[in-house]
Each structure stands twice: as structure tokens, then as C-alpha cells.
Amino acid sequence: KKAKRSGDRYLFYAPTFNARASEQLTLETRLRRAVEREEFTLFYQPKVSLEDGAVVGLEALLRWNDPETGLVPPLRFISLLEETGLILAVGRWAFHRAASDFVALARRLVKPTPIAVNVSALQLRQPDFVRTVEEAVKACAPFGCGIELEITESMVMQDVQQSILRLKEVRELGPAIAMDDFGTGYSSLSYLSKLPLDAVKIDRSFIVDMTGDAESMSVVSAIISLAHGLGLKVIAEGVETEDQSERLRRLHCDQIQGYVFSPPVPLEQVLQILTRAQNR
Ligand code: C2E
Ligand code: MG
Ligand code: MG
Ligand code: MG
């Protein structure tokens, strides 16, 4: 279509020159609005013990309920939330929501199930981060500490000493801390023993290759031995098949998470899963 007036022509041509930038701007604007309007929600994915099949924890995974396009996964917007600093507001919200959802579940279940929250580097660097966690922990009472943290190697690497101190403070409040996506970052071995950790999560990329590929199997086996040697629990991410699950069990992996048991689901659905699992 032809633009008739000069004003329209400008509108017509501008996006072709800088389509990417304008697309970004639109997304950023929409994300700011999403924060104001609280369009975010948390889905929950169970962590299952390989020893007895019990659901021993949940991971909170952020979703954006965009009124224009529906449910948006984090891959599409997390990095922009981080670049713009909006992750601080969303991250704080996630801690509070996870705590209140933990309580809502605990009231209706025999056994309270702790919820792990993913943390961004920028959040950890905020002076008020410890207070955010403390508030969430307090909100879990009287069901005990229902909050856990998932961190990554790269976020710790930005300032190792500072991270160690801050994570120690957090852990004294009660939450267990897991190293997420383990094996994909640098410095995996040197910092593992220095950080105040309770668990490592083996990245999905190693699990995917495990069945066909003897080397991946060795890597997984080595990570499990190393972690156990340091007194850490091991959780395998992205387990999709019974075969992977059985191999992990034989390697003495502690817990699995993945589509083989359940994808991340909304709160009401995870309540059903937990109710069924606790009544077996
Ligand atoms: P993550 O913490 O490593 O989470 C695991 C991701 O793997 C999730 O993707 C989950 O849906 C997906 N997954 C779980 N089981 C399977 C499986 O069997 N097969 C496959 N193919 N995928 C599986 P999701 O929900 O899209 O989240 C992606 C990443 O976004 C997360 O990776 C985490 O780094 C980040 N993220 C999610 N929620 C938050 C949050 O609240 N705050 C921050 N800072 N980051 C978050
Ligand atoms: Mg995670
Ligand atoms: Mg992960
Ligand atoms: Mg991962």
C-alpha cells in the first residue's frame, strides 16, 4: 500500500530502517506495562526423588501472561528484563508469590513442599536482596522455610567474594541453594567447594545426550561423584525418558526434573499432582 501523506510515509519507512530496534522498544514498553499490571505468573515443576519417587520440591518458573499473545516463556523476555533492570521488580515479586503459593499449598497438603526461585545476577548484587529473601522466608511461617534459591556460575563470577558473603547471609536465613545449569559455565570445579551450596543441577544438555553418547554418560557420572564428594545433592534437569531416568538412578543421582514426570504447570495443577503423590 502507498502512503498518501508525508506523515504516513515516515511511519511507513522508519520501521524498515530500524525494525529490530523498534521491535525491542515495543517489547520493552510492553514489559514495563506488564510489570505495572502484574501480568506475570509462576508455573511450578516438581523435583522427584529417584530413591522413592516422592515429590521433594518445586521450581518456580516465570511466565508472562501477555493479553495480546498469551503465555510467553522466559527465553523471550528474561534478558530484556535484566538489561532494563525490570528484573528487580519482577524478581522481588517472584519471591513473595512463591512464598504465598508455598503457604497455600502447605495448608492443603500433608507435607509442605519447598519452592526454588531462580535468581538473576543483578538481583544478587542489590543491597536489599537479603531482606527480600528474609521477608519471603518469614511469609512461609508456620510451615518452616519453604523457599530455596537457584543461582548460576556466571552470576557468581561477576564478583566472587561479594557473592559468597551474600549467599552465606541468605543461607543462614534457611533457604537451600542450588547451582543451576551446572557444567555449562566456567570455573565449575574451583568455586564449587567455596560457595555455600546444597545441590547442583546438571544441565539438560548433558542429559539429552546421555542415552546415545558414552562421553556424556561419563560427564554425568563424574559430576555426580564430584558433587557427592563435596556433600551436595544432585538434581538432573530436563529428564524426558524412562531410560534417562533409570540410567540416572543407577548413577546414584538424587533427584530428577523433567517432562518424564511433569512439565511446569500452574498452581492448581501442581496441587493436584502433589495431592496424588502424597496419597500414594
Ligand atoms: P532453568 O532454571 O534452567 O529452568 C529449566 C528450564 O527447562 C525451564 O524452562 C523448564 O520449563 C525447562 N524444562 C524442564 N523440563 C524439561 C524437559 O524435560 N525438557 C525440556 N526440553 N525442557 C525442560 P523455562 O521455564 O522456559 O525457563 C527458562 C529459563 O528462564 C530458566 O532455566 C531460568 O534460567 C530462567 N527463569 C525462569 N524463571 C525465572 C525467574 O523467575 N527468574 C529468573 N531470574 N530467571 C528465570
Ligand atoms: Mg532453574
Ligand atoms: Mg537449570
Ligand atoms: Mg538449564
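Predicted model: local features only at pLDDT ≥ 70, side-chain atom pairs only at ≥ 80, totals over all residues.

Biologist: Which elements give two or more residues to the shell around ligand 1?
Modeller: Those are β2 (55-66) and β6 (177-182). Strand β2 supplies the largest share, four residues. As for the space that ligand 1 takes up, that's the largest pocket.

Biologist: Which residues come nearest to ligand 1?
Modeller: There are 20 residues around ligand 1, and the nearest are Arg63, Ser120, Asp180, Glu240 and Tyr259. Sorted by class, the shell has eight nonpolar, five polar and seven charged residues.

Biologist: What about the aspartates, how far is a polar side-chain atom of aspartate 180 from an oxygen atom of ligand 1?
Modeller: For aspartate 180 that distance is 2.9 Å. Aspartate 181 also has a polar side-chain atom by a ligand 1 oxygen, at 3.0 Å.

Biologist: OK, on to the metals. What coordinates the magnesium ion that's ligand 2?
Modeller: Glu59 (OE), Asn118 (OD1), Glu150 (OE) and Asp180 (OD) do, at 2.0 to 2.3 Å. Along the chain, those donors follow the spacing E-x58-N-x31-E-x29-D.

Biologist: Where do asparagine 118 and glutamate 150 sit?
Modeller: Asparagine 118 is in strand β4 (residues 115-118) and glutamate 150 in strand β5 (residues 147-151). They're 32 residues apart, and the pair links distant parts of the chain.

Biologist: Why does the pair of aspartate 180 and glutamate 237 tie together parts of the chain that are apart in sequence?
Modeller: Because aspartate 180 lies in strand β6, while glutamate 237 is in the loop between β8 (233-236) and α12 (242-250), so the parts they join are 57 residues apart in sequence.

Biologist: Which residue bridges the magnesium ions, ligand 3 and ligand 2?
Modeller: Aspartate 180 is the bridge, and those two ions lie 3.8 Å apart.

Biologist: What coordinates the magnesium ion called ligand 4?
Modeller: Asp181 (OD), Asp203 (OD) and Glu237 (OE), at 2.3 to 2.7 Å. The spacing there is D-x21-D-x33-E. Aspartate 181 is in strand β6 and aspartate 203 in the loop between β7 (199-202) and α10 (204-210), 22 residues apart.

Biologist: How far apart are the magnesium ions, ligand 4 and ligand 3?
Modeller: They're 2.9 Å apart, with aspartate 181 coordinating both.

Biologist: Changing topic, what about the backbone? Is the peptide bond from alanine 141 to proline 142 cis or trans?
Modeller: That one is cis, with omega near 5°. Proline 142 is in the loop between α6 (129-140) and β5. In general, most peptide bonds are trans, and most residues other than glycine have a negative phi.

Biologist: And is phi of glutamate 38 positive or negative?
Modeller: Positive, near 50°, and glutamate 38 isn't a glycine. You'll find glutamate 38 in the loop between α2 (19-36) and β1 (40-49).

Terms used: Residues numbered from 1 in each chain as written. Chains lettered and ligands numbered in written order. Heavy atoms only, no water. Near = heavy atom within 4 Å. Polar contact = N/O pair within 3.5 Å; in protein donor to acceptor, adjacent residues only side chain to side chain. 1 Å grid on protein atoms, 1.4 Å probe; cavity = no way out; pocket = protein on both sides within 12 Å on 5 of 7 lines; lining within 4 Å. Sits in = over half its atoms within 2 Å of the grid points. Nonpolar A, V, L, I, M, F, W, Y, C, P; charged D, E, K, R; others polar. Donors = N, O, S within 2.8 Å, 3.2 Å for Na, K, Ca; no water.
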